[in-house]
Amino acid sequence: MTQALSTAADYIKAPLIYKGKVRELYDLGEHFLIVVTDRISAFDYVLDPAVPEKGNVLNRLSAFWFEQTADMMANHVVHTDVYKLGDLVTEPELLKNRIMVTKKAERIDIECVVRGYITGGGWRQYVKTSAINAIELPAGLRKNERFAEPLFTPAAKNDVGHDEDIPFARMQELVGAELAEELRDKSIRLYEFARGFCEERGIILADCKFEFGLIDGKVILIDEIFTPDSSRFWAKANYAYDIEIDSMDKEPVRTYLLGSDWDQNSKPAPLPTSVVEETTNRYLAIYEALTGKPL
């Protein structure tokens with residue numbers, strides 16, 4: 001197993017312009033360079049230690065899905081070949097599965113969330129208000145039930161703190177009615193494509209989120225798509241109503257933290273080796289299940 005990578009800053013001769021919880025963005029002039037690290041976050045904290053292979057899985061899965069959906073939707077990928085970067089990267093072997101060179105798009109500050117099942121935050125909203133993002137829903141829905149039609153539930157992106165769930169009408173005010181409708185329709189179409197793809201492989205795609213950008217006024221897909229960090233995957237064999245379904249992602253980390261004596265007000269202590277290893281295995285398993293090949 002490869003060593004975990006917490007940052008790529010020591011290996012890249014280009015300005016680091018943004019460091020997210022997992023991704024780092026470098027400026028190459030005409031393009032951006034995205035490097036996906038092995039950092040892991042939960043409950044808004046970046047945790048120690050990093051999780052080996054996680055960044056490789058996220059980057060290669062995104063590349064896989066961008067290729068699968070390219071005929072449906074233009075995206076920001078230029079290439080994923082570290083060797084094309086020459087001496088900009090001092091340790092190409094270390095970063096070879098982690099990089100994506102992308103077009104520079106103007107980010108649209110809306111997180112486009114599509115829900116196929118009522119679970120997670122959507123379920124919590126429904127229990128309180130009988131609605132999700134101001135969409136009134138029938139009474140008597142059960143936790144994890146599949147919606148008759150996928151629900152589009154956008155969130156306004158905040159660079160600090162949580163993104164804010166908003167009604168579609170508010171999204172129309174923020175970005176304009178025409179663009180809002182285009183983003184909604186494209187998000188639902190992408191979700192329906194991936195849901196069918198996953199179902200053939202014994203996986204339920206419960207919900208997911210997308211980010212879009214503009215280049216010369218044209219909408220393109222950016223960031224990551226259909227990864228364990230941007231989507232909720234369930235094994236079909238685990239599907240049931242009225243329970244917490246174990247998702248195919250960093251669930252071992254969340255389960256461990258919630259069962260520990262962590263005070264939830266400060267950064268947790270380092271994760272045990274067994275939790276890190278189990279989480280690595282989760283990421284590798286979803287990659288293999290979706291692509292049909294090992295990492």
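Visitor: Does Leu85 count as buried or exposed?
Guide: In this predicted model, local features need pLDDT of at least 70, side-chain atom pairs count only at pLDDT 80 or more, and totals for chains, interfaces and linings use all residues. Residues are numbered from 1 along each chain as its sequence is written, and side-chain values use heavy atoms, with hydrogens and water left out. A residue is called buried under 20% relative accessible area, exposed over 50% and partly exposed in between, with a 1.4 Å probe and protein chains only. The relative accessibility of Leu85 is 11%, so Leu85 counts as buried.

Visitor: Which residues does Leu85 touch, leaving out those up to four places away in sequence?
Guide: Helices (H or I, at least four residues) and strands (E, at least two) are DSSP runs numbered from the N terminus, and Leu85 sits in the loop between strand S6 (77–79) and helix H2 (92–95). A contact means heavy atoms within 4.5 Å. By that rule, and with residues up to four places away not counted, the partners of Leu85 are Leu28, Leu33, Ile99 and Val101.

Visitor: How many residues of strand S3 are buried?
Guide: S3 covers residues 32–36 and has both faces covered, with Phe32, Ile34 and Val36 buried on one side and Leu33 and Val35 buried on the other. Strand S3 is therefore largely enclosed by the rest of the structure, and the number of its residues that are buried is five of the five.

Visitor: Which residue stands opposite Ile34 in S3?
Guide: Two strands pair if DSSP finds at least two bridges between them, and strand S2 (residues 23–27) pairs with S3 over five bridges in the antiparallel sense. The two strands form a hairpin with four residues between them, and in its turn Gly29 has a positive phi of about 95°. Within this pairing, the residue facing Ile34 is Leu25.

Visitor: Which residue of S7 stands opposite Val35?
Guide: S3 is also joined to strand S7 (residues 99–102), and these two strands run antiparallel with four bridges. The S7 residue that faces Val35 is Ile99.

Visitor: What is the relative accessible area of Ile222?
Guide: Ile222 lies in strand S16 (residues 218–222). Apart from residues up to four places away in sequence, Ile222 touches Phe66, His76, Ala105, Arg107, Glu211, Phe212 and Gly213. Ile222 is buried, and its relative accessible area is 10%.

Visitor: How far apart in space are Ile222 and Ala105, C-alpha to C-alpha?
Guide: The two residues are 117 residues apart in sequence, and Ala105 is among the residues that Ile222 touches. From C-alpha to C-alpha, the distance between Ile222 and Ala105 is 8.0 Å.

Visitor: Which strands do the buried residues of H3 pack against?
Guide: Helix H3 spans residues 120–129, and its buried residues are Gly120, Gly122, Trp123, Gln125 and Tyr126. The strands against which they pack are S9 (110–117), S10 (131–132), S14 (164–165) and S17 (231–235).

Visitor: What is the phi of Ser130?
Guide: Most residues other than glycine have a negative phi, and most peptide bonds are trans. Ser130 lies in the loop between H3 and S10 and is partly exposed, with a relative accessible area of 36%. Its phi is positive although Ser130 is a residue other than glycine, and the value is near 65°.

Visitor: What is the omega of the cis peptide bond between Asp48 and Pro49?
Guide: Pro49 is found in the loop between strand S5 (45–47) and helix H1 (54–69). The bond that joins Asp48 to Pro49 is cis, and its omega is about -10°.

Visitor: What is the radius of gyration of the protein chain?
Guide: The chain as a whole has seven helices and 17 strands. The radius is taken over C-alpha atoms, and the globule rule used beside it is 2.2 Å times the number of residues to the power 0.38. For 295 residues the rule gives 19 Å, and the chain comes close to this, so it is as compact as a globular protein of that length, with a radius of gyration of 19 Å.

Visitor: What share of the residues of the protein chain count as buried?
Guide: Along its principal axes the C-alpha trace spans about 60 × 50 × 40 Å. Of the 295 residues in the chain, the share that count as buried is 49%.
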